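Let's walk through this structure together, one region at a time.

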Amino acid sequence: MAPEPPLLSMSGITKSFPGVRALDGVALDVQAGEVHCLLGQNGAGKSTLIKVLAGAHQPDTGTIRWRGEEVTLRSPIAAMRLGIATIYQELDLVEHLSVAENVHLGHEPTTAGFVVRGRTARTSTAALLKRLGHPEIDPARLVGQLSAAQQQIVSMARALSHDVRLIVMDEPSAALDPDEVDNLFRIVGDLTAAGVAVVYISHRLEEIRRIGDRVTVLKDGRAVANGLPAKSTPTREVVALMTGRNVEYVFPDRPVSPPSGEPVLKVQGLARQGEFEPFDLEVRPGEIVGLAGLVGSGRSEILETVYGARKPTTGQVLVEGRALKSGSVRAAVRAGLGLAPEERKAQGLLMLESVTRNVSVSSMSRFARAGWIDRGAELGAARAATRELSLRPDNPSVPVRTLSGGNQQKAVLARWLLRGCKVLLLDEPTRGVDVGARAELYAVIRRLADEGLAVLLVSSEVPEVLGLADRVLVLREGRVVHTAPARELDEHRVLDLVMEGSPAS
C-alpha cells in the first residue's frame, strides 16, 4: 500500500523582489498532525515563504502540492478555502470590531442567503473560545480592548472558524508570558492530536525542542536543512546551520590599553516587557562593546530601544550625560546616535535612490539654501564620506541598489559619519557580505572606534563579536548573564553561557 503523501509539499520555490532574491529553490514538506518548525535568522526568507503559502505572494517558480494534488494559491482566500490559515506576528485584526465580528470577518454566518449578525456569530465564537481554553473572552467586546495574548487567541479562533487543516503561526509566543505560552502549547497539542498540522516559527530554540516534531532551517533564502528531528538535533548544529559560521575571520588588532574617559553612552535599568530585562551598560569613546546571544535573546531589541525605535518599559538612555526622550528616534539622532540596522535593504537604505541621497538623507539641513537643496554641496559631502570608507565604485551618483552588500553597508556607515554621530549602533554589520569584504568592514569599524567613536555591536556570529569587541555582554532569554573583556572569552565559553539550561546543547 502506497504511503500517504505529505499534507503540504512545496518544492523549488523561488521569489525575487527588486534587488534581492528572497527565496532560492526552497522545499518544505509538512505531514498532517505534526508541528513543523521553520527556523532562520531575520532575512532568511521565512516571512516570504509563509506569504507564498498563505497566497499573499505568488512564487516565481516552483510547485505546491496539497494532499498530493498540485495547486495554485492565487490569494489568501484560495489558501483558506483549501484549509490553510496563517496567524502573522503582527495580528491583522480590526480593533474597532467585536471579537465575534473579527472571527467571522469575510465569512459571516448566513441564513437563507442573508448575513446573520449578533447572537448567531457570538454563540459560535463563544464555542471556539471555549475550545481554545478562553471562555472568559466576551465575543461582544471590541478587539482593541483586549490584551495582546487575548488578541492572539481571537486570531486562532478566526483560523478555526474555517475547516482548517494547516495553521501557520509566526512568532506566536513573542508577546506572551510563561503561563500564556503553556496555554498556547496546550492548544497546539490539541490541534495536532486532531490531525491539524502546524508550521511554527520562533526564534526561541527552547520552544522548538518542547513543541516541535521536525525542523527546516532557512539561510539566505535557501533551505539548508529539511525535516531535522526537533528534539534530538543538537542546539549547536541548529545554530551553525542558521548562522553558517564556517568562514575564516581576519580581525584588526585591538588597542593595547582599554579605552578610558567618561562614557559617551550610558544605559541605566533599560527594559522592555517580554523582550529583555533591566540592565546597565556603558560605552566609552573608542570602545567597541558587543552583545552576544542566540537569535531571540533580545540583542536587536536592545539596540532598537537604545536608538528610540522601541519605547522602553523602564530605564533610560544617556548620551554624554544627558537623558534622551524615550522612544524617540529623532532625539537619539540629534544626540549623536546612528543605527546600521540588520535589514539594511528594507530599513537602512533607499534602494532606488543614489548613493549620494542615501548618505546625505540624515543631514539634509546642511545642504538647504533658502528652501532649495544645494546639489553640489550634497554631492561633494557624500563623495568625501564614501572615499573615507573606500566605497566602490567611487561614484556616489550610482543607485545604491547596484552596490555589493559590503559597499551598501559602507553607504549606511558613511551616512552617520557625515552626520557626525558619536555612538554607532551596528546590528549584524556583515550579514549578506562576502568573506573578503568582511575583513575590510572589520577594519573600517575598528578604525572608526580608534578615531573616537563609541560602538555597540550585535552579531549572531560569536567569533565576530569576540574578534571585534573590546568588551562583551552575553545575553540569554532577554537577560545579561555575563560581562567580560573579549580577551577573556572564547566561542565555546560564550555558547555554553547562551545555551545554559537548553536540552541537548
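Helices here are DSSP runs of H or I with at least four residues, strands are runs of E with at least two, and both are numbered from the N terminus. Before going further, please note that this is a predicted model, in which local features need pLDDT of at least 70 and side-chain atom pairs count only at pLDDT 80 or more, while totals for chains, interfaces and linings use all residues. Residues are numbered from 1 along each chain as its sequence is written, and side-chain values use heavy atoms, with hydrogens and water left out.

Back to our pair: the side chains of Asp 450 and Arg 446 form a salt bridge, at 3.5 Å from N to O. The term stands for a side-chain nitrogen of Lys or Arg within 4 Å of a carboxyl oxygen of Asp or Glu. Arg 446 is buried, at 2% relative accessibility. Buried means under 20% relative accessible area, exposed means over 50%, and partly exposed lies in between (1.4 Å probe, protein chains only).

How many salt bridges does the structure hold? There are 24. One of them joins the side chains of Arg 392 and Glu 440 at 3.0 Å, N to O. Arg 392 lies in the loop between helix 13 (375-388) and helix 14 (405-419), and Glu 440 lies in helix 15 (residues 435-450), so this pair ties together parts that are 48 residues apart in sequence. Arg 392 is partly exposed at 46%, and Glu 440 is partly exposed as well, with a relative accessible area of 26%. Another bridge links Arg 21 and Asp 24, at 3.2 Å from N to O. Elsewhere, Arg 272, Glu 275, Glu 304 and Arg 310 are linked in a network of salt bridges.

On a 1 Å grid over the protein atoms alone, a cavity is a set of points where a 1.4 Å probe fits but cannot get out, and a pocket is an open set with protein on both sides within 12 Å along at least five of seven lines; lining residues have an atom within 4 Å of a point. Grid points are joined across faces, edges and corners, and a volume is the space filled by probe spheres set on the points.

The second largest pocket holds about 520 Å³ of space. Of the 21 residues that line this pocket, the closest to its centre are Pro 76, Met 80, Asp 92, Arg 158 and His 162. Helix 2 (76-82), strand 6 (84-87) and helix 5 each give two or more residues to the lining, and helix 2 supplies the largest share, 5 residues.

Beyond its neighbours within four places in sequence, Gln 151 is in contact (heavy atoms within 4.5 Å) with Leu 91, Leu 93, Val 143, Gly 144 and Leu 146.

The structure also holds 2 cavities of 30 Å³ or more. The second largest cavity has a volume of about 80 Å³, and its lining includes Leu 39, Pro 229 and Val 238. Helix 7 gives the largest share of that lining, 3 residues.
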